[in-house]
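Please keep the model at hand while reading.

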Amino acid sequence: MDIALAPHAHDEHPHGLMRWLTTTNHKDIGTLYLWFSLSMFLFAGALAMVIRAELFQPGLQLVDPMQFNRLTSMHGLIMIFGAIMPAFVGFANWQVPLMIGAPDMAFPRLNNWSFWLLPVAATLLLASFFVPGGALAAGWTMYPPLFIQGGIAYDMTILAVHVLGLSSIMGAINIITTILNLRAPGMTLMKMPLFVWTWLITAYLLVAVMPVLASVITMLLTDRHFGTHFFNAAGGGDPVMFQHIFWFFGHPEVYIMILPAFGIISTIIPTFARKKLFGYTSMVYAVASIALLSFIVWAHHMFTTGMPVAGQLFFMYSTMLIAIPTGVKVFNWVATIWRGSITFETPMLFAITVVCLFTIGGFSGLVLALVPVDIQLQDTYYVVAHFHYVLFSGAAMSIMGGVYYWLPKWTGHRYDETLGKWHFWLTTIAFNLTFFPMHFLGLAGMPRRIPDYALQFADFNMIASLGGFVLGAAQLLFVYVVVKCIRGGEPAGERPWDGADTLEWTLPSPPPYHSFTTPPKID
């Protein structure tokens, strides 16, 4: 008998731990993703604190060079696969069915499985710190020949990345199927909220590039244990081929981590400007263009590998081309704000800051797209500054803004606005204090991934480290604000922002007990 028709089916629903282990409810699973992401964010952030403590002054203070490389490698890997991506999948789980009027995700049990793979992968990654030889020290990019020579931790890393990729592919298939098949009657593709569009396109990117990552790390595994020589020059292989295959995955991956952020920003800004999003159609086409172009720019990560000049020119110009649809998006956000009836609650502060700081990251990306400039700045702190302006102020701060925006929806309570603004200002000021000086360090020639440095770099490193410590501490305030909101507070009401009247805010919250209840009627 179909569970939806069974009398009092919800009375038999498991409670406590079993509720979370067996849930097929998209809201519960979205919550699990977000908590997992937060825990990984804090762990990877703790690694960053040790990195900045080591770099506070010249000389070796806390860790030896190999341990330092382990910290940088695992910080990158965990932030990308453990913090940023699961957070966006959590948003997708919570919001996509609500935004399109679907009762749940298309495959609720697959949804449960794709989440529970993540703690398995995270356990493998964290356990690699405690095995003989120590954790991955070859960089989060896993370049051979360094990677081929590592200990058992490197095999654990390969397995963990495989499991993470499997989770991502299953989640992406679920999202695509949900969006294409479960929209409410009358909701055409071009009527969907932009957040749903960004996730539809992101999910296609995931399905396209995750198997590429899986294939290249499988080739690494066979090089390590089965006598193949894909990337071993002594056996006729080519280590640079690894870079080509890896970055064919890696560059679309950057957009996998930023397109959902664009969707969040495109949701927050119209709400607090009390205007419709300017240029909706052009925004959809801009997101699609960025996604398509992301497949033909991968080798701008490889300008120093000796590629022909024709190749360098192609990748330089195609990289610059991405600035056009990105510029369209920034223009449309500014045009949405223009002459709006704006209020500056915490989500709006984060959204405006993301637009400003992400644009700085975009400009430094254009600088690095120029071949002669990139040859000078490759593997310096300029690159570190660039991708943190894209990924922290672009992706992570969008996630924070999204959490503040939807917390009233998720919990039924308002968060503490004063503390939220404190978190915002501390995060924004400390972030710039941490990463802006890195532009100067890079221009002066300081290489990245090193624990010691010349005396001339000391002042900027001290400023960056102080900023980093404040940035880390500010995130503890973020955790406090979220937990305080969950535990109670002023009731949110049906329209907490006085500007959001889309479908998602009319559906009931907190979550129903399970996924198979009859969907609520929407007037």
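A cavity is here a set of grid points where a 1.4 Å probe fits but cannot get out, and its lining residues are those with an atom within 4 Å of a point. In that sense the second largest cavity is lined by Phe-36, Met-40, Ile-78, Phe-81, Gly-82, Leu-118, Ala-121, Ala-122, Leu-125 and Leu-164. The model is predicted, and a search of the whole structure finds three cavities of 30 Å³ or more as well as five salt bridges.

**Second largest cavity**

- The second largest cavity holds about 50 Å³ of space, and its lining consists, by class, of nine nonpolar residues, one polar residue and no charged residues.
- Gly counts as polar in this classification, and Gly-82 is one of the residues of the lining.
- Two or more lining residues come from each of helix H2 (26-54), helix H3 and helix H4 (108-127), and H4 gives the most, with four residues.

**Largest cavity**

- The largest cavity has a volume of about 120 Å³; it is lined by 14 residues, of which Tyr-33, Met-85, Val-89, Ser-167 and Ser-168 are the closest to its centre.
- Helix H3 (65-100), helix H5 (152-181) and helix H6 (194-225) each supply at least two residues of the lining of the largest cavity, with H5 giving the most, namely six residues.
- By class, the lining of the largest cavity comprises eleven nonpolar and three polar residues, and no charged ones.

**Salt bridges**

- Arg-224 and Asp-155 form a salt bridge in which the closest N and O atoms are 2.9 Å apart, and this pair links distant parts of the chain, since Arg-224 lies in helix H6 and Asp-155 in helix H5, 69 residues apart.
- Both partners fall under the 20% limit for buried residues: Arg-224 counts as buried because its relative accessibility is 14%, and Asp-155 counts as buried because its relative accessibility is 18%.
- Lys-484 and Asp-416 form a salt bridge with their closest N and O atoms 2.7 Å apart; here too the pair links distant parts of the chain, with Lys-484 in helix H16 and Asp-416 in the loop between helix H14 (381-411) and H15, 68 residues apart.
- Lys-484 is partly exposed, with a relative accessible area of 35%, and Asp-416 likewise counts as partly exposed, at 24% relative accessibility.
- The side chains of Asp-28 and Arg-19 meet in a salt bridge with an N to O distance of 2.8 Å; Asp-28 is buried, with a relative accessible area of 0%, whereas Arg-19 counts as partly exposed at 23% relative accessibility.

**Nonpolar surface patch**

- Ile-360, Leu-433, Phe-436, Phe-440, Leu-443, Phe-460 and Ile-463 form a nonpolar patch on the surface, and together they have about 580 Å² of accessible area.
- Helix H15 (417-443) and helix H16 (458-487) each supply at least two residues of this patch, and H15 gives the most, with four residues.
- Phe-436, a member of the patch, is found in helix H15 and counts as partly exposed because its relative accessibility is 36%.

**Prolines and backbone geometry**

- Pro-86 lies in helix H3 and counts as buried at 3% relative accessibility; its C-alpha atom is separated by 8.6 Å from that of Phe-115, a residue 29 positions apart from Pro-86 along the chain.
- Pro-144 and Pro-145 are joined by a cis peptide bond, for which omega is about 5°, and Pro-145 is found in the loop between H4 and H5.
- Arg-274, in the loop between helix H8 (259-273) and helix H9 (280-293), has a phi near 55°, which is a positive value in a residue other than glycine; Arg-274 counts as partly exposed, at 28% relative accessibility.
- Asp-379, in the loop between helix H13 (371-377) and H14, also has a positive phi, near 60°, although the residue is not glycine, and Asp-379 is partly exposed, with a relative accessible area of 37%.

Methods:
Residues are numbered from 1 along each chain as its sequence is written. This is a predicted model: local features need pLDDT of at least 70, side-chain atom pairs count only at pLDDT 80 or more; totals for chains, interfaces and linings use all residues. Side-chain values use heavy atoms; hydrogens and water are left out. Patches are made of residues with over 30% relative accessible area and no salt bridge: like charges are joined within 9 Å, nonpolar side chains (Val, Leu, Ile, Met, Phe, Trp, Tyr) within 5 Å. Accessible areas come from the Shrake-Rupley method with a 1.4 Å probe; for residues, only the protein chains shown count as cover. A salt bridge is a side-chain nitrogen of Lys or Arg within 4 Å of a carboxyl oxygen of Asp or Glu. Buried means under 20% relative accessible area, exposed over 50%, partly exposed in between (1.4 Å probe, protein chains only). On a 1 Å grid over the protein atoms alone, a cavity is a set of points where a 1.4 Å probe fits but cannot get out, and a pocket is an open set with protein on both sides within 12 Å along at least five of seven lines; lining residues have an atom within 4 Å of a point. Grid points are joined across faces, edges and corners, and a volume is the space filled by probe spheres set on the points.
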